[in-house]
Amino acid sequence: MNRLKVLVFALVVLGLWAYHLTLVAPAVTEHVAENAMASIAGVPGSVAWRIEAQRSDLQAAVLKLSGNPALVVPQPKAPAPGAPAPKAEAPSAEKLNALRAAVADALGEKKAQAVVGLANEAGALVSVAGADPGPAPDGLDVAAITSAGGAGAQGTVGGVPHLFYAVPLLQAEKTDVKPVGHCFVGLPMLPDAKAMVEAVAKDVKANVGLFSGTALIASWGDKAALDKASKGKPGQVTTTAEGTVDSFFGVVALPVMAGSPVLDVGVNQELAGTPYRVVATSSTRAAVKALAEYQKFALSGLAGLLLLSIVVTLLVSGAAAEEEGQRMVVPPPMPVPPKKTEEPAVPAMPAAAVTGQEPAHAPEVSPDDFEFPSSPSSISAPPAPPPAAAQPPPPP
């Protein structure tokens, strides 16, 4: 019976722990995976917000510039009669410097990043980040920028994507006002991509990478994980790695009862209106590893409990066998004698019944056989002795 109790106790403990694993392990792995996905889902939006903040500052500066008198071009002198109409003159550095001062006043601290240019049918003049005016940089499509006007256009300066807005240069001729060129202003979409990526990565505690096409512009964290996630389906948070992280003496893969837990998740999102693509990854390995360590400790404890149960069962079994052997050697107890019962007393038989003779009859008793005190008058005289009885003759 004791052996059965030990085994039942061990089986109950094992069953409760297995049921505990079926509840805890899946819940923990699913929870950490959901948290990791939620943390990186907002990374593209965070980068897009910074780009939109830069766009808003540029739009505000251009709007302020549009009302500046520096955009008004004086009317040229009328040509002599019969002379051909004068050709448009190329933008001058003087005019561009006047516009740069107006732009600097509108942009404030960001004036050092600004690209300011003048363009008309005669040519273009551009000042990049406060440098002296000069020809348009290679790769900068001035015509596309001026034609986009207030809608904005993208351009590349020094390999860095910029956002440009253009406002017209106006010239009044009598009652007519006509555009005679454009002033355009640009700012980098992301002035310091590396610092921005680092700030976002530390905020969400994830790996963050900024791509332009297939080229990695800036990154923070595990580049191998970012490269793997960049090949995922755009616009979705996906699982990039899953599996186990440990084992119990090389036999049981841990964590158990959790299927194939998610280890890494990633997002690959293109930013509309920009050449950028944001990639972010997050790992659940630390949480899954902690769960595996807990399960390893619990399995060790349960294995020890099972071994202890077997040992106790064997010990109890040996003790029972020894006790059974002792019972076989020791003689059985002696029977207890019955208690003596008292027999009823038998009256003694008279001697006459034994000898066969009839018993002698006792003499009859009369009042004369007793002495009674006499009356006071007769005390003085003692009574006379009774006469002697006649003696019977002796037998022959």
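Colleague: Why is Ala129 called partly exposed?

Modeller: This is a predicted model, and in it Ala129 has a relative accessibility of 43%. Buried means under 20% and exposed means over 50%, so Ala129, at 43%, counts as partly exposed. Ala129 is placed in the loop between strand 3 and helix 4 (142-148).

Colleague: What makes the backbone of Ala129 worth a remark?

Modeller: Its phi is near 50 degrees, a positive value in a residue other than glycine. Most residues other than glycine have a negative phi. Phe249 is another such case, with a positive phi of about 55 degrees although it is not a glycine, and Phe249 is found in the loop between strand 10 and strand 11.

Colleague: Is Phe249 called buried or exposed, and how do you know?

Modeller: The relative accessibility of Phe249 is 72%, and the cut-off for exposed is over 50%, so Phe249 counts as exposed.

Colleague: Why is the peptide bond from Leu254 to Pro255 called cis?

Modeller: Its omega is near 0 degrees, and the bond is cis. Most peptide bonds are trans. Pro255 has its place in the loop between strand 11 (252-254) and strand 12.

Colleague: How do you know that Asp246 and Lys296 form a salt bridge?

Modeller: Their side chains meet at 3.0 Å, N to O, and the rule asks for a side-chain nitrogen of Lys or Arg within 4 Å of a carboxyl oxygen of Asp or Glu, so the pair of Asp246 and Lys296 is a salt bridge. Asp246 lies in strand 10 (residues 246-248) and Lys296 in helix 7 (residues 285-329), so this pair ties together parts that are 50 residues apart in sequence. Asp246 is buried, with a relative accessible area of 17%, whereas Lys296, at 25%, counts as partly exposed.

Colleague: What makes Arg285 and Asp264 a salt bridge that ties parts of the chain together?

Modeller: Arg285 lies in helix 7 and Asp264 in strand 12 (residues 262-270), so the pair ties together parts that are 21 residues apart in sequence. Asp264, at 15% relative accessibility, counts as buried, while Arg285, with a relative accessible area of 38%, is partly exposed. Elsewhere, salt bridges that share partners join Asp246, Lys289, Glu293 and Lys296 into one network.

Colleague: How do you know that the buried residues of helix 3 line one face?

Modeller: The buried residues of helix 3 (residues 93-107) are Leu96, Leu99, Ala102, Val103 and Leu107. Seen down the axis of helix 3, they fall within an arc of 130 degrees, so they line one face of the helix. The face turned away from that buried side carries the exposed residues Glu94 and Asp105. What covers the buried residues includes helix 2, strand 2 (115-120), strand 3 (123-128), strand 5 (160-173) and strand 6 (176-188).

Colleague: What span does helix 3 reach, and what is it set against?

Modeller: With 15 residues, helix 3 reaches 20 Å from its first C-alpha to its last, close to the 21 Å expected at 1.5 Å a residue. Just after helix 3, Gly108 takes a positive phi of about 70 degrees.

Methods
Residues are numbered from 1 along each chain as its sequence is written. This is a predicted model: local features need pLDDT of at least 70, side-chain atom pairs count only at pLDDT 80 or more; totals for chains, interfaces and linings use all residues. Side-chain values use heavy atoms; hydrogens and water are left out. Helices (H or I, at least four residues) and strands (E, at least two) are DSSP runs, numbered from the N terminus. Buried means under 20% relative accessible area, exposed over 50%, partly exposed in between (1.4 Å probe, protein chains only). The expected span of a helix is 1.5 Å times one less than its number of residues. The arc is that of the directions from the helix axis to the C-beta atoms. Contact means heavy atoms within 4.5 Å.
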